[in-house]
Every structure is written in C-alpha cells, then in structure tokens.
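Reader: Could you walk me through how to read the ring pairs and other features of a model like this one?

Author: Gladly; let us look at it together.

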Amino acid sequence: RVVGKRRVEYEVRSPKRTVAAMDGSGSGEAGGEAVVDGYEAGAWSHVETPPHEVDVHEFRLEVNGEPLFLRGFDWQPIESQLSEVDPQRREAVLEQYRDTQANAIRVWGGAYLEDERFYDFMDEHGILVWQDFPFACSLYPDGDPAFRALVAQETADIHRRLHHHPSLAVYCGSNEVDMALFDRGVDRRWGNRIGWELIPGVLA
C-alpha cells in the first residue's frame, strides 16, 4: 500500500565510489569503510582496527527461556513533532513494518517518546521494543546535581508509563554518547554516568 509520494531531484557528482559492507560483502575492501573520491568516509573511518583479540560477552534475548533471533529496524518518527503525527498515516507505516515479518523495533534515543497507540500496536502484533532513553549524539552535564535530578525524574516517568507493555524488551541508556566520548579520549564510564549509573540505578 502506498502511504504517500514525494518527488526529490538530486545530482550525482561522482558516480564512481567503492563501498564495502560491514561484513566485507559487496565491492571494495572489507572493513566497513566507504571510499569516495579517494577519501575515507564514515563515523569509524578514523579508528584503527588492526587484528586483535577482544573480550566478547554474549548478548541475546530470550522469550520463555528460548533464545530469539531479532529481525527488525530502527524507528525514526514520521514527523518532527508528535503533535503533527497523522495517526492513520503512522498506522499504515507500522502495518508495512509488521508485514516484513519483523519481530523487534528499536526506538532511537534522538526521537521523542511515541504515544500509547504506538506501543499498543507492538503489543498486539508481538513486536519487541528496544527503547532508548532520550540521550543521543551529544555530551550531557551529568556532573550537575540539578540536571541529574531532572534525568532521574524523567527516567522514572518513562518507566512508569511504559513498563506495563509486554512488548517492552530492552531499555538502553543512550545513543552514540559512548562513541562521542571515545572520540575525545574520555572514559565512557566517567563521561556517561547518566547511561552507566543513573538510569540503571533508577530502574533497579
């Protein structure tokens, strides 16, 4: 079903490019880099990743004791303001999402909290929700007691509103905040105490 149509015009200035998939498939060299006009592009292009051993901790979701392979997408709001959302249009988008046979959806930390109908839809169709808290792509004054108090209250309010939904599977403290700290050479557990300490403490 067609939800809506938009016409976009753009010019491709450099059609020659080499893009490697994160798993090494596709054209170009493996490693998850994109090379455009001879320059590396991408958030991780400056990070050196020579062969090395890593400490891998298993992470998986289980439902009724059975491991679940997640198939899903990242949810971006269909409008920049919740008050501008057309419920029927969003329902149509969610139905398209459901029809892909997805079983999980991740609500991005840079987005607003969706209304009850969004989470009711996930409950009704058995789609698990990975819910980011609203901290994304930036650094926050987590050493400010007043700010921490506001975050604690907001965290409690979000949990109080969402915890009864059976589709709610995962809370995540933030989006790309740790990466921003890494880029600045700051230890993530010191620079992101909201995500590593405050939010888990409120939810405990």
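Author: What follows goes from the overall picture to aromatic rings and then to cysteines. This is a predicted model, in which local features need pLDDT of at least 70 and side-chain atom pairs count only at pLDDT 80 or more, while totals for chains, interfaces and linings use all residues. Residues are numbered from 1 along each chain as its sequence is written, and side-chain values use heavy atoms, with hydrogens and water left out.

Reader: How many helices and strands are there in the protein?

Author: Helices (H or I, at least four residues) and strands (E, at least two) are DSSP runs, numbered from the N terminus. Here the protein has 6 helices and 9 strands.

Reader: And how much of the protein counts as buried?

Author: Buried means under 20% relative accessible area, exposed over 50%, and partly exposed in between, using a 1.4 Å probe and protein chains only. Of the 204 residues, 27% count as buried.

Reader: What should I look for in aromatic pairs?

Author: Rings of Phe, Tyr and Trp (its six-membered ring) pair if their centres lie within 6.5 Å; planes under 30 degrees apart are stacked, over 60 edge-to-face, and the rest tilted. That rule gives 6 aromatic pairs here. One of them joins Phe 73 and Tyr 97 edge-to-face, at 5.3 Å centre to centre with 65° between the planes.

Reader: Which parts does the pair of Phe 73 and Tyr 97 tie together?

Author: Phe 73 belongs to strand E6 (residues 72–75) and Tyr 97 to helix H1 (residues 87–99), so the pair links parts that are 24 residues apart in sequence. Phe 73 is partly exposed at 47% relative accessibility, whereas Tyr 97 is buried at 9%.

Author: Another edge-to-face pair is Phe 118 with Tyr 119, at 5.1 Å centre to centre and 75° between the planes. Both Phe 118 and Tyr 119 are buried, and ring pairs link these two and Trp 75 into a cluster.

Reader: Where does Arg 193 lie?

Author: A charge sits over a ring if NZ of Lys or CZ of Arg is within 6 Å of the ring centre and within 35 degrees of the ring normal. Arg 193 lies over the face of Trp 190, 5.8 Å from the ring centre.

Reader: How many disulfides does a search of the whole structure find?

Author: A disulfide is a pair of cysteine sulfur atoms within 2.5 Å. The search finds 0. Among the cysteines, Cys 137 is partly exposed, with a relative accessible area of 46%, while Cys 172 is buried at 19%.
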